[in-house]
Amino acid sequence: MMRWALLYARSREVPVSAAIVVVAVTLLGLPEGDLRLSAFAAAVGVAALAVGLGAHDVALDRGAAFGWPPRRAAHLLLGGLFVGGLLLTVGPDVPDHAVVWRNVAGLGGLAALGALLLGSRTAWALPVTWTGATLVVPSGDLWFEELLSWPVQPAGTTSATTTALVLGLTGLLAGTARTTRR
């Protein structure tokens, strides 16, 4: 079992992705209480881990004698725990821990959807683009503005929490249930 886990981690570039996550979260997560940089750090961290949601050789994945959905789900969930835990460790002055977990869940779902729709090599585009747009576009008080800028909304914003949960669950279910067999 341990040998399989090490081979899986190496084939999905987990060590390199983890190093990128540590550097990005450490650099972006330092400012005290800055919700925007914390959201962007979560997006970059999740995007780095999303590269491993697919294989270099799709035909090799299709020929596997086991199912990939549990492994993809574990990869996504453990990666999210790693990013969220690192964000809370590096930036202990985050205003609310629930915001970090909300962002990691929603952005992780976006990364899984990106892997499904765009491929694992460009899965980073959805979470980074969405969060990057919220950094430059001012968020308003209307429900659709809160919905679009959910990563930078304060804790307790119902539309932001709902959006993150829907994206997270949709990405987890759709991204892990996709079949690699023909």
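**Entry 1: surface and overall make-up**

I looked up the accessible surface of the protein chain, and it comes to about 9300 Å². Carbon and sulfur atoms hold 72% of that area. I note here that the model is a predicted one.

Next I checked how much of the chain is covered. The chain has 182 residues, and 44% of them are buried. Then I went through the secondary structure. I found 9 helices and 0 strands. Read along the sequence, the pattern is α-α-α-α-α-α-α-α-α.

**Entry 2: helix H3**

I turned to helix H3, which covers residues 35-50. How far apart are its end C-alpha atoms? They are 22 Å apart. At 1.5 Å a residue, its 16 residues should span 22 Å, so the two values agree.

I then asked how many of the residues of H3 are buried. The count is 12 of 16, so I wrote the helix down as mostly covered. Among the buried ones are Leu35, Ser38, Gly45, Val46 and Leu49. Several alanines are on the list too, including Ala39, Ala41, Ala42 and Ala43.

What covers these residues? The cover includes helix H2 (14-28), helix H5 (69-90), H6 and H7.

**Entry 3: helix H5**

H5 was my next stop. The helix has 22 residues and reaches 31 Å from its first C-alpha to its last. That is close to the 32 Å expected at 1.5 Å a residue. I listed its buried residues, among them Arg72, His75, Leu76, Gly80, Gly84 and Leu88.

Helix H6 runs over residues 97-118. I read off 22 residues and a reach of 31 Å between first and last C-alpha, close to the expected 32 Å. Just after H6 comes Gly119, with a positive phi of about 100 degrees.

Is Trp101 buried or partly exposed? Its relative accessibility is 34%, so Trp101 counts as partly exposed. I set aside residues up to four places away in sequence and found that Trp101 touches Gly80, Leu81, Gly84, Gly85 and Leu88. Of these, Gly80, Gly84 and Leu88 are on the buried list of H5. I also took the C-alpha distance from Trp101 to Ala42, and it is 9.2 Å. The two residues are 59 apart along the chain. Ala42 is one of the buried residues of H3.

Arg102 also sits in H6. Its relative accessible area is 8%, and buried means under 20%, so Arg102 is buried. Which residues does Arg102 touch, beyond four places in sequence? I noted Trp150, Pro151, Val152, Gln153, Pro154 and Ala155. Ala160, Thr161 and Ala164 complete the list.

**Entry 4: the aromatic pair**

I searched the whole structure for aromatic pairs and got 1. The pair is Trp130 with Trp150, ring centres 6.2 Å apart and planes at 65 degrees. Why is the pair called edge-to-face? Planes over 60 degrees apart count as edge-to-face, and 65 degrees passes that cut-off.

The pair links distant parts of the chain, 20 residues apart. Trp130 lies in helix H7 (residues 125-136), and Trp150 lies in the loop between H8 and helix H9 (158-177). I compared their cover. Trp130 is partly exposed at 26% relative accessibility, whereas Trp150 is buried at 0%. Trp150 is also one of the residues that Arg102 touches.

I looked for a nonpolar patch on the surface. Leu142, Trp143, Phe144, Leu147 and Leu148 form one, with about 530 Å² of accessible area together. Leu147 lies in helix H8, residues 143-148. Its relative accessible area is 32%, so I logged Leu147 as partly exposed.

Last, I checked Thr170 in helix H9. Thr170 is partly exposed, with a relative accessible area of 38%. Which residues is it in contact with, leaving aside neighbours within four places? I found Leu113 and Gly175. I also took the C-alpha distance from Thr170 to Leu110, and it is 8.6 Å. In sequence these two are 60 residues apart.

How values were computed
Residues are numbered from 1 along each chain as its sequence is written. This is a predicted model: local features need pLDDT of at least 70, side-chain atom pairs count only at pLDDT 80 or more; totals for chains, interfaces and linings use all residues. Side-chain values use heavy atoms; hydrogens and water are left out. Patches are made of residues with over 30% relative accessible area and no salt bridge: like charges are joined within 9 Å, nonpolar side chains (Val, Leu, Ile, Met, Phe, Trp, Tyr) within 5 Å. Accessible areas come from the Shrake-Rupley method with a 1.4 Å probe; for residues, only the protein chains shown count as cover. A salt bridge is a side-chain nitrogen of Lys or Arg within 4 Å of a carboxyl oxygen of Asp or Glu. Helices (H or I, at least four residues) and strands (E, at least two) are DSSP runs, numbered from the N terminus. Buried means under 20% relative accessible area, exposed over 50%, partly exposed in between (1.4 Å probe, protein chains only). The expected span of a helix is 1.5 Å times one less than its number of residues. Rings of Phe, Tyr and Trp (its six-membered ring) pair if their centres lie within 6.5 Å; planes under 30 degrees apart count as stacked, over 60 as edge-to-face and the rest as tilted. Contact means heavy atoms within 4.5 Å.
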